[in-house]
Number of protein chains: 2
Amino acid sequence: MKWDLADIAYPGRYSSRGQGIMGSFIDSSLSLLAKQTHPVISLAMGCPGPDAFPLEDVRRITTEIMEHEGPVALNYGPTEGDPLLRQSLLEAEAEATGLDIDPDCLIVTSGGMQGLDLVAKLLVNPGDPVVAELPSYSNGLATLHNYEGNVLQVSLDDQGLSVEECRRYFDRRGARPKLFYVIPNFQNPSGITMSLRRRLELLDLARSYEAIVLEDDPYGDLRFEGRALPSLFALDEGKGTVIAVRTFSKTFSPGLRVGWILAPKNVVTKMIAAKQSMDTCTNVVGQKIVAQLMAQGVMSRHILRLRHEYRQKRDLMLQALERHFGSLGGTSWTRPEGGFFLWMTFPEPTDAEKLFPVALEQGVAFIPGPAFTVQGGLRNAGRLCFTYPLLTEIDEAIRRLRYSYGLWASFGVEGAAAR
Amino acid sequence: MKWDLADIAYPGRYSSRGQGIMGSFIDSSLSLLAKQTHPVISLAMGCPGPDAFPLEDVRRITTEIMEHEGPVALNYGPTEGDPLLRQSLLEAEAEATGLDIDPDCLIVTSGGMQGLDLVAKLLVNPGDPVVAELPSYSNGLATLHNYEGNVLQVSLDDQGLSVEECRRYFDRRGARPKLFYVIPNFQNPSGITMSLRRRLELLDLARSYEAIVLEDDPYGDLRFEGRALPSLFALDEGKGTVIAVRTFSKTFSPGLRVGWILAPKNVVTKMIAAKQSMDTCTNVVGQKIVAQLMAQGVMSRHILRLRHEYRQKRDLMLQALERHFGSLGGTSWTRPEGGFFLWMTFPEPTDAEKLFPVALEQGVAFIPGPAFTVQGGLRNAGRLCFTYPLLTEIDEAIRRLRYSYGLWASFGVEGAAAR
């Protein structure tokens, strides 16, 4: 029996948040790429490289888990997270920053994304003003939007979020924001790192508004050069201004969906309650794999290896950009000190959303600028991920992008497709 | 440096949903039990038995996945789910029910819990009337409540939800509900199965209100006796009245967090967008393990084995209840034809929340009745899970419960603790 469930709509039956739900061009790009019949080099989604996993360690550890604690790993775990993993995370934080954090201030989440979702759920009322960077991580923006926050994106300069611009905006209106959503290290998508001074200014401003700073830091451990800056969470010195969202998706594996949050105990208590009716607990096998990778010292060695490999990839992409785009006036790109991405600006009046299908046809994918905005804009820019392509693919990817740009600039989308 | 983040509150900074967030006594019981220093037999959380996992198959399959597709399994997957898993789920549905469902009508979720969360997020506006059974699954109720739905619980009789009572309630008020949340098979917590006639009546009533039926069916495959009834989703014959939430948490593993939803294509499209900003995708390793268990025929054999073992456990619990409580007037319990739970009613005026700590002290845990309500009530009842304890523990658990009841009835909580 074949039913046609394709044309059924629910007019008037969605909630107002459901009516306006916003997805992610980035995440959808994965299914889009899978549908292509010709080989495409992806600079689109922010993925670790296919050669960047400690497969043998994961295989061995998974076998050990099944042998020694299989019935526990396959059953429900505590909502706040696997005990060994939580302990390892607190120890790692203490070792890296000297902070001795109460275990009740940490909850394990299903990736960093669920961390953002939990914060928005607990804090954002429909219509609440929330500040994000322009550009910013699509899914982070979507979460704030999907809880019906009024997302205001404020531009970045080379020191990070323009705190002065935020202050002027709100002071002029006699208003104040509920939340600042920032990615201080090797920002997604711009690659820019917020300076120490700017971090301190942001904390001051947030405190003056009694606003919370949501610090999303997936990339901080992946610094290739220069000195690491203290996190906003550390700079806050326990005042409760900052909720820190962390993840293993960039330093180890996105597919296992393991992240964590540091926040005041009262907030974590509410997060545990909220998570119970969101997904009960984070997948236990994934948590135990991460806990063992940490406990056995594999994780820290692995991160050292990634820093080395991703630095090489970044360097290759910068060289390729210089080679293929260096003589094209009006083009520029950022030079991130770590992370996954750089931000490419094409000559005006490029429309990156129209360049995208041309580039896809030519065998290279990236994410157009408007995906990093709530309102649109940044049309002549795009995000390039340098970690996912193989070393041997990077120059070719940028060559294809340059060729696509030439096709698009000369013939437009239809003209390029016809050639 | 030790910071005291324990006493920081966010007065006036939570969202209204965050302010009223409702957790789960059931999920919290897991951490509570872990803190006990004496041995406790748990009839509390709805867990598969510790001896109920196909460990050797999982170990072997996980090794194969790491060897053959490790880099894919550890990276992001499509938000809608692993392609092989989605295909296997649709084939299994076709085989079991004859339904040929469009692949665009299925999304994989992080357990059944996220399925409920997605439905509530897309459909429930603050204040919307939503109907649930009385008693009903705590976390399902919490999700509806946490999106600020106005949850109305309507009592069950031995045929399931009292559809006539729903009709009278809404017609009297000239109102109509947005959603009916039901667990038709071996209901959590009552163990009651909704009759075929009642299913058809519910669909009629829902259609008359243009309401959606959210069919939560974690237990349907675990029928020990009697004939399987068609799902509400199947009985709806493609009209789009029903959204079906399914999971492997009871038939295989809760710890892997893999479930799925069947719904009209337009709804699934919105769910994909919503999930992108909730947790990006379901953990890929877990999905691939489930997909291989299905493809290799392990899953169907495993479910046959569970039916046999859980039936034995149910029978033992029914015998133990007869033995230890049979002569206690005012006591009754349900006799489920499958699933995980039975519902125990103690003599009036028992307060199960006060009996709970006495029982815990005596070495047995269960879930008191009020946990299955939004407003409280059902104080003289509780849920007993018969699948988690070992065969050899069941009689002892019920003996301890009877002894605890005697202590509590004779001496009250303090008196019992003093003994």
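Visitor: In which sense do strand S7 and strand S8 of chain A pair, and over how many bridges?

Guide: Good place to start, and keep in mind that this is a predicted model. Strands of a sheet pair through backbone hydrogen bonds, either parallel or antiparallel. Here, S7 (residues 212-216) and S8 (residues 242-247) of chain A pair in the parallel sense, over four bridges. To find your way in the viewer, look for A:Leu214, which stands opposite A:Ile243 in S8(A).

Visitor: What is the order of the strands in the open sheet of chain A?

Guide: Eight strands form that open sheet, and their order is S2-S9-S8-S7-S6-S3-S4-S5, with mixed pairing. The edges are held by strand S2 (106-109) and strand S5 (160-161) of chain A; each has a single partner strand, so one side of each has no neighbour in the sheet.

Visitor: Which strands of chain A does helix H5 lie across?

Guide: Helix H5 (residues 111-123) of chain A lies across S2, S6 (179-182), S7, S8 and S9 (259-262) of chain A. Relative to S8(A), the helix runs at about 155°.

Visitor: Now to helices against helices. At what angle do H4 and H11 of chain A pack, and how far apart are their axes?

Guide: Two packed helices are described by the angle between their axes and the distance between the axes. For H4 (residues 83-97) and H11 (residues 284-295) of chain A, the angle is about 40° and the axes are 9 Å apart. H4(A) and H11(A) are therefore oblique to each other. Their crossing is left-handed. On the H4(A) side the contact is made by A:Leu84, A:Leu85, A:Ser88 and A:Ala92, and on the H11(A) side by A:Gln287, A:Val290, A:Ala291, A:Met294 and A:Ala295. Sorted by type, the residues of this contact are seven nonpolar, two polar and no charged.

Visitor: How many residues of chain B are in contact with chain A?

Guide: The size of an interface is often given as the accessible area lost when the parts come together. Here we can count residues: 90 of chain B are in contact with 90 of chain A. Several helices of chain B each supply at least two residues to the side that touches chain A, among them H1 (16-19), H2 (25-34) and H3 (55-73). H3(B) gives the most, with nine residues. That side of chain B divides into 43 nonpolar, 30 polar and 17 charged residues.

Notes
Residues numbered from 1 in each chain as written. Chains lettered and ligands numbered in written order. Predicted model: local features only at pLDDT ≥ 70, side-chain atom pairs only at ≥ 80, totals over all residues. Contact = placed C-beta atoms within 7 Å. Nonpolar A, V, L, I, M, F, W, Y, C, P; charged D, E, K, R; others polar. Axes fitted to C-alpha atoms, helices over the stretch in contact; angles between N-to-C directions. Parallel < 35°, antiparallel > 145°, perpendicular 65-115°, else oblique. Left-handed = near helix turned anticlockwise from the far one by under 90°. Pairing = 2+ DSSP bridges.
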